[in-house]
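Open the model in your viewer and keep the selection panel at hand. The stops below give a selection and then say what is there.

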Amino acid sequence: YRDPHTRMKELIVSVVEIIQQELLNFNHQEREGILQSVYWRMWELKTHEIIENVFIMNKLQERLRILEVYNQRVCNCHEDSSLLSILDLVEVLHSSSDTTTTNQYWHRLQTAVYAFMEEFFSHMEEEENTFQVKAQNGRSPQFRVPNVSHFLKVGKRWEIKVPRLKS
């Protein structure tokens, strides 16, 4: 958990730093660069979330099923991610042509990112304190979490796959 979570925290902090600026203070090319930067960082976060769901949370759910234990946190983790709505806002901003619309959607994006950030850090802390312990206690044959190099390989595959899925 530590390495991917550190990267995810870095990504959200960098997005927050970017969106603190007023978009209308930049020319078109600079705006495009800012929007692209926010977009790819948020996609990377979404990719981490997908990997975590597929490789970690599914394994925890499987292990709990074997032990006949129900844990709502494990079963409902990442069900309602606001990352896709943030990505949608960036796409709307990218295609907006007038300053009123751009300004309106930029402020919506800022609000959405700030709300996500608040939820995100408490969620990360909960995962690190709850699920990491469960994963570490799960070193049995029925519960093996792939090593970090495996996650990095999968992450690289998703990094290539995501732009194709979005286009």
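Select Glu-10 to begin: this is a predicted model, and in it Glu-10 has a relative accessibility of 44%, so the residue counts as partly exposed. An α-helix has 3.6 residues a turn, so residues three or four places apart point the same way.

Keep Arg-7 selected. Its relative accessible area is 33%, which makes Arg-7 partly exposed too. Which residue lies across the salt bridge whose closest N and O atoms are 2.8 Å apart? Select Glu-44, the partner of Arg-7 in that pair. Arg-7 is in helix 1 and Glu-44 in helix 2 (residues 28–66), so this contact ties together parts 37 residues apart in sequence. Glu-44 is partly exposed, at 24% relative accessibility.

Now show the three residues together. Arg-7, Glu-10 and Glu-44 make up a network of salt bridges. The structure has two salt bridges.

Next, go to helix 4, residues 83–95. This helix has 13 residues and spans 19 Å from its first C-alpha to its last, close to the 18 Å expected at 1.5 Å a residue. Within helix 4, select the buried residues: Leu-83, Ile-86, Leu-87, Leu-89, Val-90 and Leu-93. Look along the axis: they cover an arc of only 155 degrees around it, so they lie on the same side of helix 4.

Definitions and conventions
Residues are numbered from 1 along each chain as its sequence is written. This is a predicted model: local features need pLDDT of at least 70, side-chain atom pairs count only at pLDDT 80 or more; totals for chains, interfaces and linings use all residues. Side-chain values use heavy atoms; hydrogens and water are left out. Helices (H or I, at least four residues) and strands (E, at least two) are DSSP runs, numbered from the N terminus. The expected span of a helix is 1.5 Å times one less than its number of residues. Buried means under 20% relative accessible area, exposed over 50%, partly exposed in between (1.4 Å probe, protein chains only). The arc is that of the directions from the helix axis to the C-beta atoms. A salt bridge is a side-chain nitrogen of Lys or Arg within 4 Å of a carboxyl oxygen of Asp or Glu.
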